[in-house]
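Look at the sequence and the model below.

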Amino acid sequence: MRCRVSGGFTLVEVLVAALVLAIGVMGAVAAQTVALRTRAQSALMSRGVQLATSFADRMRANTVQMRAPDSSNPYLQVRYDSAAAPGVSEQPPRMCRTGSACDSAQLAGFDVYELQRELRASFPKGR
């Protein structure tokens, strides 16, 4: 009887190993893509929470306007058009910064303007 000694891999074994490796690499690439997308979504959600918290603090600080009826309260009439141009074209109703004299309605209008400006800067192109 003759004993046959095998000295290497067959072509089928090499092809199966290459297929298994290719499937593993494709899975790793898919996982990386999902991780990048999730990170981008988390960053957008985090920025949205920061803007909402900041605006809520501004609303809490302006108690006179928060006690006003819903129809005359600028804080409760905020609308954001995500399809609008990224730049803010209109000027604020009145620049209410530190040291300037503004009543509560002017301050509320300025807060709404600032929120819309920050939204356009944070979420360009209608995201």
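Of the 127 residues in the protein, 20% are buried. The model is a predicted one. Its accessible surface comes to about 9,700 Å², and carbon and sulfur atoms hold 61% of that area.

The secondary structure consists of three helices and zero strands. Along the sequence, this gives the pattern α-α-α. Among contacts in the protein with a separation of 6 or more, 56% are between residues 24 or more positions apart.

Now turn to the interior. In soluble globular proteins, nonpolar side chains tend to be buried together. The largest nonpolar core here has nine residues: Leu-51, Phe-55, Met-59, Tyr-75, Ala-108, Val-112, Leu-115, Leu-119 and Phe-123. At least two residues of this core come from each of α1 (11–61) and α3 (104–122). The largest share belongs to α3, which supplies four residues.

Leaving out residues up to four places away in sequence, Ala-108 touches Asn-62, Gln-65, Pro-74 and Tyr-75. Of these, Tyr-75 is also part of the core, while Asn-62 sits in the loop between α1 and α2 (63–66).

Is Asn-62 buried or exposed? Its relative accessible area is 4%, and because buried means under 20%, Asn-62 counts as buried. Apart from neighbours within four places in sequence, Asn-62 is in contact with Tyr-75, Ser-104, Leu-107 and Ala-108. Two of these contacts, Tyr-75 and Ala-108, are residues of the nonpolar core described above.

Key. Residues are numbered from 1 along each chain as its sequence is written. This is a predicted model: local features need pLDDT of at least 70, side-chain atom pairs count only at pLDDT 80 or more; totals for chains, interfaces and linings use all residues. Side-chain values use heavy atoms; hydrogens and water are left out. A nonpolar core is a set of buried Ala, Val, Leu, Ile, Met, Phe, Trp, Tyr and Cys residues joined through side-chain atoms within 4.5 Å. Buried means under 20% relative accessible area, exposed over 50%, partly exposed in between (1.4 Å probe, protein chains only). Contact means heavy atoms within 4.5 Å. Accessible areas come from the Shrake-Rupley method with a 1.4 Å probe; for residues, only the protein chains shown count as cover.
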